[in-house]
Each structure stands twice: as structure tokens, then as C-alpha cells.
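This report concerns the structure shown below. Please keep the sequence and the coordinates at hand while reading.

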Amino acid sequence: MTATVEASANEAPSGGKVPLVELKNVGKTYGNITALKDICLRVHAGEVTGILGDNGAGKSTLIKIISGLHQQSDGELLVDGEPMKFGSPADALAKGIATVYQNLAVVPLMPVWRNFFLGQEVRKKSFPFSLDANAMRATTLAELSKMGIELPDVDAPIGSLSGGQRQCVAIARAVFFGARVLILDEPTAALGVKQSGVVLKYITAAKEAGFGVVFITHNPHHAHMVGDHFVLLNRGRQKLDCAYEDITLDHLTQEMAGGDELEALTHELGRKS
Ligand SMILES: Nc1ncnc2c1ncn2[C@@H]1O[C@H](COP(=O)(O)OP(=O)(O)OP(=O)(O)O)[C@@H](O)[C@H]1O
Ligand SMILES: [Mg+2]
């Protein structure tokens, strides 16, 4: 699989442009639990924003707010510079914000094309308006190949694809149904090195085609390979917000692991760092 995305979404990278999505001092509380506090984030067209953080850091809460699943308790969410209140994920989708969740919600035994059109099936124009399988098959094939995904058979059950290919199909689907902002929730978490590579190449291709990509990950190596800027969450606070140019992989890893804690652990385990 090559990673060329031909679809063109938005114009050029940031450079003073209005961000596709912006969070201003966003906070979220669940009862007396503060899941997020004072988060500021800008997602630009043609850029990958890496969101890093350990378990419970607030990553999922953050994407739930951007994708319309939850509403923030404080602060503002802006889309194309305009303040928004999403009531549901459908509202976010209508603004071109699509989320690809880690579990993907696919039906493993159904063909790739059925999964591609799941919930948005194309029907024939005449009575009895049955499913237009040929049209959906052809569109799936065309869209996947446009995105550089060469599958031998779109009739194969999606469960037979590799994890990386499934992620890419899910992203291609989001693009086809009008996404401008792609939120990818730990797309490489369950993948091996090679399959992660497939997804990372694809993320870069989507960015080069002008999409705004929000890439959530535990893995500083993956984030550093594709990210243009990074936001590190720690117990709901924004611990770091910097551009690719301003941070090395080592530094990002240190920050992610909590610096001193990592050193203490290395020492405790009796290994030289
Ligand atoms: N619906 C909820 N009700 C109450 N507390 C919640 C809810 N969702 C999240 N939290 C709490 O908010 C904090 C942040 O959780 P969140 O799921 O956003 O973290 P995360 O960074 O996605 O973690 P992980 O890497 O484990 O997925 C945690 O302390 C969590 O227990
Ligand atoms: Mg999570």
C-alpha cells in the first residue's frame, strides 16, 4: 500500500490562518472530578497535532468535546473562528469534524464496501429502492484507490484486513463523507511496527492533502514521526505545547514519561540509562 492522498480538502498550512478548530481555556468536570482544565489548542489545515498523555490524562475527554459527544464545562470551542456548542457528534460531523475511534465499530463479517457505507447506504433510484451494491462497491474501490489503498477485493470481510488497513479504510470513509478534521484516537495502539508504519504514512498523506489531523497517542516515537506540533496532557492539565522544531524525540519521551520518574525507574531496575 502506498500512501498518496489525492483528495484536496483545505488550503495551505497555518501561517496566521484561522484554525479549523480552536479550544480556548477549555475545562471539563464530571461531578467533582476535574478531567480537563485550561486547555488551549489550535488545529490547522495541513498539520498534524499530536495529543500525548498517559492513562487518565484526559485525551479521550478532549476528543469527546471536539467531536460533539460531550460539552465542555468551561471555555470555548471555535470552528473556523466561530464559537460552537455541539449537541451531538452529528453536529460536529456537519462541520466536517470526524472521529475514528480505536475500536472502529466495524462489522467484521461484512464486506469492506458494506462497512464503508454503514449507516449511509446508497439505494437504487427506482422501486423497490433496494441497496445499490454495485454503486457502493465501485465507489468504495475508487475512494480507497484514490487514497492510495490498493485492496485486492472489496467483497472480502473487513475482519480479514490487517489492523492498519482497517484504520486506513475508516479514515478514507471519514474523508469521503466530508471530513476536514480527522480525529484519530490511538490508531496505532494495537498495531505492530509494520502496520503502525502503514497508518503513519497515511496520516502524513492526509496532512499533505490539507486535512487537519488530531493524532492521539501514548507513543512519543509515533507522535514525533508525523506531528507538526504536540500537546502533552498530564492529569487534565496541559503540560507542554510546542512545535516540532522546538522539541527533540528524546525530550518529548522524557516529558511523556515524567522525566525524573523515568530516571528513578531506570535506577531502580539497575540499568544504565
Ligand atoms: N464519564 C466520566 N465520568 C466520570 N469521570 C470520567 C468520565 N470520563 C473520564 N473521567 C475521568 O476523567 C479523567 C480523564 O479520563 P480520559 O478517559 O479522558 O483519559 P485518557 O487520557 O483518555 O486515558 P486512557 O489513556 O486511559 O484512555 C480520568 O480521571 C477519568 O476517570
Ligand atoms: Mg482514552
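## Confidence of the model

The structure is a predicted model. The protein chain has a mean pLDDT of 87, and 91% of its residues reach 70 or more. Where pLDDT is low, predicted coordinates should not be read in detail.

## Pairing of strand β4

Strand β4, formed by residues 74-79, pairs in the antiparallel sense with strand β1, which spans residues 21-30. This pairing runs over 5 bridges. Within it, glutamate 76 of β4 is the bridge partner of lysine 24.

β4 also pairs in the antiparallel sense with strand β5 (residues 82-83), here over 2 bridges. Valine 79 stands opposite glutamate 82 in β5. The hairpin of β4 and β5 has 2 residues between the strands, and aspartate 80 in this hairpin takes a positive phi near 50°.

## Surroundings of ligand 1

Which residues surround ligand 1? The shell consists of Tyr30, Ile33, Ala35, Gly53, Asn55, Gly56, Ala57, Gly58, Lys59, Ser60 and Thr61. By class, 4 of these residues are nonpolar, 6 are polar and 1 is charged.

Both β2 (33-43) and α1 (59-66) supply at least two residues of the shell. The element that gives the most is α1, with 3 residues.

Key. Residues numbered from 1 in each chain as written. Chains lettered and ligands numbered in written order. Predicted model: local features only at pLDDT ≥ 70, side-chain atom pairs only at ≥ 80, totals over all residues. Pairing = 2+ DSSP bridges. Helix = DSSP H or I, 4+ residues; strand = E, 2+ residues; numbered from the N terminus. pLDDT = per-residue confidence, 0-100. Near = placed C-beta within 6 Å. Nonpolar A, V, L, I, M, F, W, Y, C, P; charged D, E, K, R; others polar.
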